[in-house]
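Me: I'd like to learn how to read a structure like this one. Can you walk me through it, one feature at a time?

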Amino acid sequence: MSTKGLAVSASRVGADVALDQASVISEWVVPAAVCAPVTWVCLVFRYKEDGRLLGTVRSSVLGLCVVLWTAGTAALVSGLLLPLTPSVPPWAVGLATGWGVVSRGRGEQTSGRAAMAVLTLGNSLLLRQLALRLRADRADWCERMAEGFGDCWDVQSFADQIRAHLLLRADVPGDTGRTRTALKREVNERHKDVRTAAQKWITLETRVDKACQQQGRQPYREELRMLRRSFGEAEQYLKYLLELVHAHGRRSDGERILELKRRQLAPPAVEDAPGASGAPDVSAVR
């Protein structure tokens, strides 16, 4: 074979390789690259009221797994189906697959369940685990913020500060008047529940303390049990109020709430010694 023929063959091979590379990029890489950011945006929209995707390491890892799995699915679907349907652009496959992460209404879920099952290839399992993790993260955060109070006087005072914090941030630009009114109403209702439960504990604690002073005795086991139950009820309502902070607040609000809690738990400058009055101390019963 002549030198000219070898050059022509080499150029053809190079062109075929370049064509194959371009085909791989267009059919596999482009759908995945389009799908990944679309999936993330849809995840943020889907779980905007359930928690924070980057709130903890576990939720971040699960969110990343969903993005990678969905992007891989888009690349696989594109690589296998586009040769059969050349009229569909690769980016459209990535966009459709990523958009499938958005939660649908009940009717849309029923009608498109089969198609979505094919597109996501079991992605619903990861989405369920992510939803459970976000709820667990919120519950853990609320428990950490609600624990550590010695009596319902502190719980009630802390709840008042949480209410003020939420109401100052309820008027978010862009929200409708109905949304703002609904949020304020929910804040006030949950705050009222905390105060009612706290007042119940305070009344019970005062009654037990008075009876112990008059009779010169320690609290009965049943009285301690009632105090613990009342305190637990107030603490639980406080967690419900804190859920609104986690749901409607920003990441920086967590530091603000923690600072409010530290101030509430800080000992006063002048503090009477425990038991100085001669009465049994039941205020720290939980």
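Me: Let's start with helix packing. At what angle do helix 6 and helix 10 pack, and how far apart are their axes?
Reply: The general idea is that two packed helices are described by the angle between their axes and the distance between the axes. Keep in mind that this is a predicted model. Here, helix 6 (residues 123–146) and helix 10 (residues 251–265) pack at an angle of about 25°, and their axes are 10 Å apart. Angles under 35 degrees count as roughly parallel, so helix 6 and helix 10 are roughly parallel to each other.

Me: Which residues make the contact between helix 6 and helix 10?
Reply: From helix 6, look for Trp141, Arg144 and Met145. Helix 10 brings Gly254, Ile257, Leu258 and Lys261. By type, the residues of this contact split into 4 nonpolar, 1 polar and 2 charged.

Me: Now salt bridges. How many does the whole structure have?
Reply: A search through the whole structure turns up 8 salt bridges. The idea is to look for a side-chain nitrogen of Lys or Arg within 4 Å of a carboxyl oxygen of Asp or Glu. Take Asp137, which forms a salt bridge with Arg133, with the closest N and O atoms 3.2 Å apart.

Me: Where do Asp137 and Arg133 lie, and are they buried or exposed?
Reply: Both sit in helix 6, 4 residues apart, which is about one turn of the helix. As for the solvent, Asp137 and Arg133 are both buried.

Me: What about Asp160 and Arg195, and which helices do they lie in?
Reply: Their side chains meet in a salt bridge at 3.2 Å, N to O. Asp160 lies in helix 7 (residues 152–168) and Arg195 in helix 8 (residues 177–215), so this pair ties together parts that are 35 residues apart in sequence. Asp160 has a relative accessible area of 29%, so it is partly exposed. Arg195 also counts as partly exposed, at 30% relative accessibility.

Me: Which residues are linked in a network of salt bridges?
Reply: Glu186, Arg190 and Glu243 are. Arg190 and Glu186 both lie in helix 8, 4 residues apart, or about one turn of the helix. Glu186 is partly exposed, with a relative accessible area of 29%.

Me: Zooming out, how many helices and strands does the chain have?
Reply: There are 10 helices and 0 strands. Of the 286 residues in the chain, buried residues make up 34%. The chain exposes about 17,400 Å², and carbon and sulfur atoms supply 58% of that.

Me: And what share of the contacts join residues at least 24 apart?
Reply: Counting contacts between residues at least 6 apart in sequence, 81% join residues at least 24 apart.

Methods: Residues numbered from 1 in each chain as written. Predicted model: local features only at pLDDT ≥ 70, side-chain atom pairs only at ≥ 80, totals over all residues. Heavy atoms only, no water. Axes fitted to C-alpha atoms, helices over the stretch in contact; angles between N-to-C directions. Helix = DSSP H or I, 4+ residues; strand = E, 2+ residues; numbered from the N terminus. Parallel < 35°, antiparallel > 145°, perpendicular 65-115°, else oblique. Contact = heavy atoms within 4.5 Å. Nonpolar A, V, L, I, M, F, W, Y, C, P; charged D, E, K, R; others polar. Buried < 20%, exposed > 50% of the residue type's maximum accessible area, 1.4 Å probe, protein only. Areas by Shrake-Rupley, 256 points an atom, 1.4 Å probe, with all protein chains shown as cover.
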